[in-house]
Amino acid sequence: MDTAPEIQQLPPTGGSSLSKEEPNTSKFVTVSNPEYIVFTDSELEQVRRSYFEQKRLGTEQNVTMSNELLCRLIRNTITNMISIARATEDFRYPNQHEVNAMARRLVEYYPMIKDKSPNNPWEHVAKKLRKRLSNVRSPRKAKVPPSKKPRQEVSSDVSTTDYDGDSGASTIILEQSPVRPRGSPEVLTPRTSTPVENQDSSDEESCSADIMDSQKIQARHYKTLQEQYKSKKPNKAAVTHLLNLEFQCRRAFITSDVLKEQDRAASILEAYPCFRELDHVLDELQRVIQPTNSHYISEMQSRWRTFYSKVQFYAIMKKAMKPPKTLNGVEHVTAVFRALPLLFPSSTMPPKKLGSSSEALVLASSEDPNGFIQQRPLSSPVLLVSEDNCMIAIGKTPVTTFSMEQLNEGLLYLMAYYYALHMTYPKCISTVLSVLQTEIKV
């Protein structure tokens, strides 16, 4: 029997102040475990404010939410729920009770989307959430582990002679990965695999030629990409173009269940060394989230600056960090980053080898960071700040370095790696990463 979810109040994060007429509806939905967060952004908040302003005048029925905004709300709500669910348990999806609880909370938070039926005003929202969830479910793991050599029994239409096989595991996955027919929709989220296509036999036969051609074409793109990185100075524009062309096969490889979480980063970086460069990782984030928005990265950076400016004052108010006047620039930024897990704590304790949850996110040390990396118990991305520069490491693998001047955007780079490499949020910092995902619209 379903039980009513436990409701927790949202700590102030610097969001816009609402009218006093508005109900104090929390953004957190807790159903035993885990704790989910209601998705919101500036446009959704504007519609919500308009609704309550009109409600004071008795004309709230004139305020509606556009289909575009409703679709965005449904899509990002399911994305957030899957991310948080998988942070508590690998390959877990939100269950029906959790989806229904979220639907009820969405209707409470955005009353203009409730149904006119007085019995179940949230049922139509729950149906949309369930439909979206069914569209992004990952295919089940294969019972037999994949071969470590290119399969020879593949149909002769898919010739492997177009592929030079330089990169081992990545070559195998690219040849075996399913590729969508041209024009078919694709749904990719930071914590979900490529969805399963429900096609009948006639559809498969009609598009089989396109699939075979696409596999060979994208394999040639990957071969060309490998050739670029055999040169001393790869052409950045050419690499970006090839990554755009080869996106489908690459995401099928990256999101495949055959990659274990602890080996995921090393395998992907071996196949795609371009992701050791921050520009290419940010470009990949844009391809996954908003491929048609050429201004996505600059917009995300602007949202991050707004969130950062507000959360640091909240951290000082809560005495989670010292006032800026006592710290230099680098120390202040590091202090803000380390305060975030304290402001948005998770219910799971960090591993014993970590001193605190903040060390799963950022570590500042004057010592050699390589010693810390080798003893680190987590396989997730982490930001390391030393005296000379900043480093992002994943598991025990140093990935890239950048200058101190870019430190204030260090958490953006971490989030980009979570998405680009399809990695799971560590349980001990899943809440703060989910808050970042919501606030900066990653």
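Is Cys428 buried or exposed? Cys428 is buried, with a relative accessible area of 5%. The structure is a predicted model.

**Cysteines**
- Cys274 also counts as buried, at 1% relative accessibility.
- Searching the whole structure turns up 0 disulfides.
- A disulfide would need a pair of cysteine sulfur atoms within 2.5 Å.

**Helix α4**
- Helix α4 covers residues 123-135, which makes 13 residues.
- At 1.5 Å a residue, α4 should span 18 Å. Its end C-alpha atoms lie 19 Å apart, which agrees.
- The buried residues in α4 are Val125, Ala126, Leu129, Arg132 and Leu133.
- Viewed down the axis of α4, these buried residues fall within an arc of 125 degrees, so they line one face of the helix.
- The general rule behind such a face is simple: an α-helix has 3.6 residues a turn, so residues three or four places apart point the same way.
- The cover over the buried residues of α4 includes α2 (67-88) and α3 (96-109).
- Lys127 and Lys131 are exposed, on the face of α4 turned away from its buried side.

**Aromatic pairs**
- The count of aromatic pairs comes to 10.
- One of them joins Trp304 and Tyr308: the ring centres are 5.8 Å apart and the planes stand at 40 degrees, so the pair is tilted. Planes between 30 and 60 degrees apart fall in that class.
- Trp304 and Tyr308 both belong to helix α11 (residues 296-317). They sit 4 residues apart, about one turn of the helix.
- Trp304 and Tyr308 are both buried.
- Trp304 also pairs with Phe337. That pair is tilted too, with 6.1 Å from centre to centre and 55 degrees between the planes.
- Trp304 lies in α11 and Phe337 in helix α12 (residues 329-343), so the pair ties together parts that are 33 residues apart in sequence.
- Phe337 is buried, as is Trp304.
- Elsewhere, ring pairs link Tyr222, Phe253, Tyr272 and Phe275 into a cluster.

**Charges over rings**
- Arg48 places its charged end over the ring of Tyr109, 3.8 Å from the ring centre.
- Arg104 places its charged end over the ring of Trp122, 5.0 Å from the ring centre.

Note on methods
Residues are numbered from 1 along each chain as its sequence is written. This is a predicted model: local features need pLDDT of at least 70, side-chain atom pairs count only at pLDDT 80 or more; totals for chains, interfaces and linings use all residues. Side-chain values use heavy atoms; hydrogens and water are left out. Helices (H or I, at least four residues) and strands (E, at least two) are DSSP runs, numbered from the N terminus. The expected span of a helix is 1.5 Å times one less than its number of residues. Buried means under 20% relative accessible area, exposed over 50%, partly exposed in between (1.4 Å probe, protein chains only). The arc is that of the directions from the helix axis to the C-beta atoms. Contact means heavy atoms within 4.5 Å. Rings of Phe, Tyr and Trp (its six-membered ring) pair if their centres lie within 6.5 Å; planes under 30 degrees apart count as stacked, over 60 as edge-to-face and the rest as tilted. A charge sits over a ring if NZ of Lys or CZ of Arg is within 6 Å of the ring centre and within 35 degrees of the ring normal.
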